[in-house]
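This report looks at pairs of charged side chains and at one packing of helices in a predicted model. The structure is shown first, and the description follows.

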Amino acid sequence: MHFCFVGSLFRLRINSMGYLFFAVEITMYFCRLCNDMNLTVDVGNTLFKFAVFNGNTLVVTQVCEKQQVLHHIKQLSVSYPKLTHCILSSVGSLPSQAILLLEELASVHVLSHTSKIPFTNTYTTPKTLGPDRIALIAGAAVQFPKKEVLVIDGGSAITYDFLSIDNQYKGGSISPGIAMRYKSLHSFTAKLPLLEKTVVIPMIGNSTENSMHSGVLQGVIHEIDGVINQYKDQYSDLTIILTGGDAHFLRDRLKNDIFANSNFLLEGLNYILELNKD
């Protein structure tokens, strides 16, 4: 009998809440054994992000730093033995040993300008378009068809990418992210300290540190709202997606209505992987 069906029957027969949770875990485990799965890997400038998909359903996400990447890949191979296909998007550097582990685990597709994509790329320099931006627009094309979509990624850099209603990628813009702005103030001045973002954003800084917080954080917020308003002036029915490491920090501080989805890039990678399977 099919393991997934057995697990489902077992779950339905359990009345105790403790055993119910155990049954759900057993069901999920056997389903992982029964279905081929995809692994998406996003190698960023600072973090490595992994996601496992069963079809288009997101099963799990993991984030780690460079020194942990080999351990995470090995753990994924144990936890999800039916991983068959993997897509790799890299704007940072991935250790060669990690690439070998991924190739042992699954058939690996490295995202590039030659990959099959679910939109028309009109960028004048397609070879220089970052794979992260390609994945974000793929997510927009699949999840919001026949829509004008602006995807904003608040990561190490802040990227803005626009997809037209006729499914054409038009381009966008790139600016420094929050952490990069703090580092720039510290690196290019003699005495300003290196800070990290704070929850409370002062309008008027009453100290050097508060002045830096005010300048960096208000600057980013006003920039993003300003860019959105520029697009809205030209595209009245605009769908706005906010993603990236700072997405949740920024979401409630922006004046515009947005969809916040921290996994949007990983979902886009999975759509591209499906298109590029042998």
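Asp246 and Lys197 form a salt bridge in which the closest N and O atoms are 2.9 Å apart. The pair links distant parts of the chain, 49 residues apart, with Asp246 in the loop between strand E10 (238-243) and helix H8 (247-251) and Lys197 in the loop between H6 and H7. Asp246 is buried, with a relative accessible area of 10%, whereas Lys197, with a relative accessible area of 38%, is partly exposed.

## Other salt bridges

The structure holds six salt bridges, and one of them joins Lys82 to Asp36, with 3.9 Å between the closest N and O atoms. Lys82 lies in the loop between helix H3 (69-79) and strand E4 (83-90) and Asp36 in the loop between helix H2 (17-34) and strand E1 (37-43), so the pair ties together parts that are 46 residues apart in sequence. Lys82 is partly exposed at 31% relative accessibility, and Asp36 is partly exposed with a relative accessible area of 48%.

Glu274 and Lys277 also meet through their side chains in a salt bridge, at 3.1 Å from N to O. Glu274 counts as partly exposed at 35% relative accessibility, and Lys277 is partly exposed with a relative accessible area of 29%.

## Packing of H6 and H7

The axes of helix H6 (residues 178-187) and helix H7 (residues 208-234) come within 10 Å and cross at roughly 140 degrees, and the crossing is right-handed. Residues making the contact include Ile178, Tyr182 and Leu185 of H6 and Met212, Val216 and Glu223 of H7. The contact residues divide into seven nonpolar, two polar and two charged.

Terms used. Residues are numbered from 1 along each chain as its sequence is written. This is a predicted model: local features need pLDDT of at least 70, side-chain atom pairs count only at pLDDT 80 or more; totals for chains, interfaces and linings use all residues. Side-chain values use heavy atoms; hydrogens and water are left out. Axes are lines fitted to C-alpha atoms, for helices over the stretch in contact, and angles run from 0 to 180 degrees between N-to-C directions. Helices (H or I, at least four residues) and strands (E, at least two) are DSSP runs, numbered from the N terminus. A crossing is left-handed if the near helix is turned anticlockwise from the far one by less than a right angle, and right-handed if clockwise. Contact means heavy atoms within 4.5 Å. Ala, Val, Leu, Ile, Met, Phe, Trp, Tyr, Cys and Pro count as nonpolar, Asp, Glu, Lys and Arg as charged, and the others, Gly among them, as polar. A salt bridge is a side-chain nitrogen of Lys or Arg within 4 Å of a carboxyl oxygen of Asp or Glu. Buried means under 20% relative accessible area, exposed over 50%, partly exposed in between (1.4 Å probe, protein chains only).
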